[in-house]
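Okay, thanks everyone, let me get the slide up. I'll take you through a few spots in this one, starting with a pair of helices.

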Amino acid sequence: MRVGVFTPLLSQFPLEAVLKRLAALHINTVELATGNYVGDAHCKLSMLDNPSALADFKKMLSDHGFSISALSCHGNALHPDKTVAQQHRDVSRKTILLAEKLGVSTMVDFSGCPGDSPTSKAPNWITCPWPPDFRTVLDWQWNEVVVPYWREHARFAADHGVKIAVEMHPGFVVYNPETMLRLRSIAGDQVGCNYDPSHLFWQSIDPVEAIRVLGSSIFHVHAKDTQLYPANLVRTGVLDTKPYTQERDRSWIFRTCGYGHGAEWWSAFISTLRLVGYDSVISIEHEDSLLSPSEGLTKAASFLNGIVIREQPAAAWWS
């Protein structure tokens, strides 16, 4: 297991500068964004039609001793606005094609969220079963939109030798282990999970125990923490729609690893991942509004590198 970085937090810098910065933090694995909500600062899909640019890109990574853990294009391919949906679908398919050319086995995406009918303009995330309209809408979303798209998209990914890691994220139809496994049962083993514990903490889902539920369906892992504020939780509950920048008033915010939960918790998290057979990358994602990207990255890298090294199996030291 090793620590990597999801590079949008450094999108203001060119890729070569990012690689040099990460190498100084003892990191040599990157997760690169290709578009949709996360942008494409360091990995352009236009390389699909430009063999020279693709060769230069590969050489830069190789020269600096870096590998790619995943290509990521977090979007909403099920958006009720057909123009938005098609744009996000195109980026997702092209990301799979680029992953194939780069020899990257995993791409990361969201499940998406439809509207409440074929004439909707905005996504509709259903969070409760009553009044009965909500169950009717949820059934329509899964049966008429989710199932057809994800079965076809999973086949496309399989044809190109790429696995899709879906990030469980509230606001989309897949947001917890149950809905993740439901999608996997529909789309097949080509679809699994990009496991980000930060989205589970505030739903009162124990991220360590949830690893055991998901098991081998975990394809990729994000390292991001969450801090809950009990004084605000009693007023708002966990479904808090205030902006993330209103830190003092929110019931929870995203934090740099170690600022929501300490080394003991993260050690258990990493050990349990290894217990279910995950032995790949822990990719740092920075969304901490209380720390700058530079400070958050530095602290997270130091914190996680110490834990990952400490948690290496004994055989690794004797090989």
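So, first stop: α5 crosses α7 in a right-handed way. Helices here are DSSP runs of H or I with at least four residues, strands are runs of E with at least two, and both are numbered from the N terminus.

Before I go on, this is a predicted model, so local features need pLDDT of at least 70 and side-chain atom pairs count only at pLDDT 80 or more, whereas totals for chains, interfaces and linings use all residues. Residues are numbered from 1 along each chain as its sequence is written, and side-chain values use heavy atoms, with hydrogens and water left out.

Back to the pair. The angle between α5 and α7 (residues 207–214) is about 20 degrees, and their axes are 10 Å apart. Axes are lines fitted to C-alpha atoms, for helices over the stretch in contact, and the angle runs from 0 to 180 degrees between N-to-C directions.

Who does the touching? On α5 the contact uses Pro177, Met180 and Leu181, and on α7 Ala210, Val213 and Leu214, contact meaning heavy atoms within 4.5 Å. By class that is six nonpolar, no polar and no charged. Nonpolar covers Ala, Val, Leu, Ile, Met, Phe, Trp, Tyr, Cys and Pro, charged is Asp, Glu, Lys and Arg, and the others, Gly among them, are polar.

Now another pair: α2 (residues 51–63) packs on α3 (residues 82–102) at about 60 degrees, with the axes 11 Å apart. That makes α2 oblique to α3, and this crossing is right-handed. Leu54, Phe57 and Lys58 of α2 meet Leu98, Lys101 and Leu102 of α3, giving four nonpolar, no polar and two charged residues.

Zooming out, the protein has eleven helices and ten strands. For 319 residues a compact globule would have a radius of gyration near 20 Å, and the 19 Å here agrees; that is taken over C-alpha atoms, and the rule is 2.2 Å times the number of residues to the power 0.38. Of those 319 residues, 51% count as buried, meaning under 20% relative accessible area, with exposed over 50% and partly exposed in between, using a 1.4 Å probe and protein chains only.

One buried example is Val281, at 0% relative accessibility, in strand β10 (residues 281–284). Its C-alpha is 5.6 Å from that of Val3, 278 residues away along the chain. Leaving out residues up to four places away, Val281 touches Arg2, Val3, Gly4, Thr29, Ser69 and Val221.

Trp130 and Pro131 are joined by a cis peptide bond, omega about 5 degrees, and Pro131 sits in the loop between β4 (106–109) and α4 (132–159). His26 has a positive phi of about 65 degrees without being a glycine; His26 is exposed at 69%, in the loop between α1 (15–24) and β2 (29–33). Ser204, also not a glycine, has a positive phi of about 65 degrees, and at 67% Ser204 counts as exposed.

Definitions and conventions
Parallel < 35°, antiparallel > 145°, perpendicular 65-115°, else oblique. Left-handed = near helix turned anticlockwise from the far one by under 90°.
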